Amino acid sequence: MTPVRAIVRSGAAWFLPLMFALSSWYGARITFRSGYPASDIAQSSLGLYLAAPMTAAFMALQYRGFTHLIRPLRLTRSGLLVVLRAWWPLLLGAPTTLCLAVAVAAGAVPNDRSAWSLIIINFMTVLTAALTGLACAWALPAVVAVPLAAMLWLVWVASGPASTNLLVHNLDSTFGCCSSDIRPAMVAIRATLLLLLVISLGIGCLLASSRSARIPRPLVATALTVLVVGGFGVGVAVLHTSGEPLNLTATEPRTTPLACRTEQRVEVCLWPENRDRTAALAAMVSHLNPKLQRLGMDTIHSLTQANRKREAVSVEAGAGISEQDMRVGVAVGYVDLQSGCRGASGTSRDQLVALVALLTGLRPDDVTSRFGPRAVAGAEKALAQGQESPEAVGVWFSEGLRNLQCVPPQ
Amino acid sequence: MMLWIRARRPWWMAGALVLMLGIDRLVGELALSVPALFGGGVNFVFLRTYLPLIWAAAIADSFAGRGLSIEARPTLLASMPVSRLGLLDAGLFVVASSTAAVLFSGLQPGGLSAVAPVLVLSGVACIGTLQAGPAVGAFASTMLMLLTSIYPRNAPAARFIHILQPDGEPAWSTACGFVVCLAAAGMLATNSALTRLRAAEVSAL
């Protein structure tokens, strides 16, 4: 079969562009971008919810009757080769299309192991969906195979992320990963890949024999069931034997090094993808420090992302963070550092943050929208007192810090 | 008449109906957690939302005429006037689909608003089957379920797109169900089913 004929006959010519459009549109629904490719790709992998069941259903639809068609062929060629020559546009085209759609929706190119792992997981998930669709159409009448393949994949991919089962979360091809500071857990990636490999390689082996077209349908159905159960068994075994802690988002802290630079006597340590924010943050702090000093408050010498340094103010600087958010982030980080407590909450803490936020140059309206009118009114009152006696603000701030009730993180 | 009954396999329809109602009774209220982006407002979907696909598969199977071998089909066409065949098919479709819809919705708290998914999927499966074969009928209904399920709740006109989901606009969904069913019944009555009986069918293998 010529490549062009295979593309036309398999339906890939119209199905893949449609899948690309829908998957990229769906993947782009979450618009917050951190600038960290692994995080953005994980979010845009939402396209998988659509692509996996759609591919399984379409493969089942297109493959129907193919086994009957090739059954009379001479028993010299491997069934797998026959299938690949006829169906490569869907078997390889659909996974590739999803990966492209995810990259386009994320607006990111994979640049580290985590990001590439996510791309590979997406590829393998859609490939396995296509192969299970094929196997369903091989084992069952098409009227049953098409809805069954689609719904099983929809339920598996869609219900996993919100379930409370740790094993499901770490095997379901999705990752609740959405910030610069965390990345997909490698143990979950390994387990998911093994699950997908066992199923897809198993179906490949089932097809490999030149007599595969003559395998009775009930046997194919049984083999498929065994493969799925076996795949889960392998995945669960990997999770259990790894000894690594599992969590419901299948993520782990990002451990790659920060890019540190000193500008205007402020050391700024950010993730490499946020390096272009260094100058803006340093300039903001260099304007803020004289004000803090005049009010009798500690100045800022160091900023960091991911809370890596104990003596540095923790900041947010991702691609989706606005200039105002960055200023608020510095204020929050400053109060957290001064209080020695990241879990504090309540009006008194909001007043302290509002005060620092106002000092960074934010307008009261901008601060009110985030911390409420009471916090801003308290901060403005303290600043007004500071017109006559600047040190009074520092005393007020120190008393506020002492009164904070620190809630330990859950 | 017996040949027609064999061709339409009403026992498969009855079996599908019993299966659908049985699963609904046993595990229909099983909540599948899904991302809030397409959950029913509180990020879950009841399993029963997907059950009408079982009925759609039965409709696709029935109106493909797969109950009769290729050799037996000319006998059926010779023994029954074409107009009568069309009327019998349309009657069977309307009665069976209405019964399935009413029985399915009778078990649910939403009452008659739950008839819409069964009607819509019956109609889509039937039209797809008559136009291009039972596999396409099943595929069309599956894709409709899939695409409407994942259409985000915060996207434009989501209430009118979710015609198969409980959070859709009930009057609009029911109207869609009636229109699609009427179209399918009209196609059956005007003998579109003949095409399928005459087709040397490999579509549903």
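**Overall make-up and details**

Reply: Chain A of this predicted model has 17 helices and six strands. Its radius of gyration is 28 Å, well over the 22 Å that the globule rule gives for 410 residues, so chain A is more spread out than a compact globule.

Me: What box do the C-alpha atoms of chain A fill?

Reply: Taken along the principal axes, the box is roughly 100 × 40 × 35 Å.

Me: And how much of chain A is buried?

Reply: Buried residues account for 49% of its 410 residues.

Me: What share of the contacts in chain A with a separation of 6 or more comes from residues 24 or more positions apart?

Reply: Such pairs make up 73% of those contacts.

Me: Let us change topic. How many residues of chain A are in contact with chain B?

Reply: There are 26 residues of chain A in contact with 25 residues of chain B. Helix 4 (48–63) and helix 9 (142–159) of chain A each supply at least two residues of the side of chain A that touches chain B.

Me: Which element gives the largest share of that side of chain A?

Reply: Helix 9 of chain A does, with 11 residues.

Me: What is the make-up of that side by class?

Reply: The side of chain A that touches chain B has 20 nonpolar residues, four polar ones and two charged ones.

Me: Now to the strands. Why is strand 4 of chain A described as largely enclosed?

Reply: Strand 4 covers residues 266–270, and four of its five residues are buried, so the rest of the structure largely encloses it. A residue counts as buried here if 20 or more other C-beta atoms lie within 10 Å of its own.

Me: Which strands pair with strand 4 of chain A, and in what sense?

Reply: Strand 3 (residues 259–263) of chain A pairs with strand 4 in the antiparallel sense, over five bridges. Within that pairing, A259(A) has L270(A) as its bridge partner. Strand 5 (residues 302–304) of chain A pairs with strand 4 in the parallel sense, over three bridges. There, E267(A) has S302(A) as its bridge partner.

Me: How many residues lie between the strands in the hairpin of strand 3 and strand 4 of chain A?

Reply: That hairpin has two residues between its strands, and Q264(A) takes a positive phi near 50 degrees.

Me: Is the β-α-β unit of strand 4, helix 13 and strand 5 of chain A left-handed or right-handed?

Reply: Strand 4, helix 13 (residues 278–294) and strand 5 of chain A make a left-handed unit.

How values were computed. Residues numbered from 1 in each chain as written. Chains lettered and ligands numbered in written order. Predicted model: local features only at pLDDT ≥ 70, side-chain atom pairs only at ≥ 80, totals over all residues. Buried ≥ 20, exposed ≤ 12 C-beta atoms within 10 Å, placed from the backbone. Pairing = 2+ DSSP bridges. Right-handed = clockwise from strand over helix to strand, strands pointing away. Contact = placed C-beta atoms within 7 Å. Nonpolar A, V, L, I, M, F, W, Y, C, P; charged D, E, K, R; others polar. Rg over C-alpha atoms; globule rule 2.2 N^0.38 Å.
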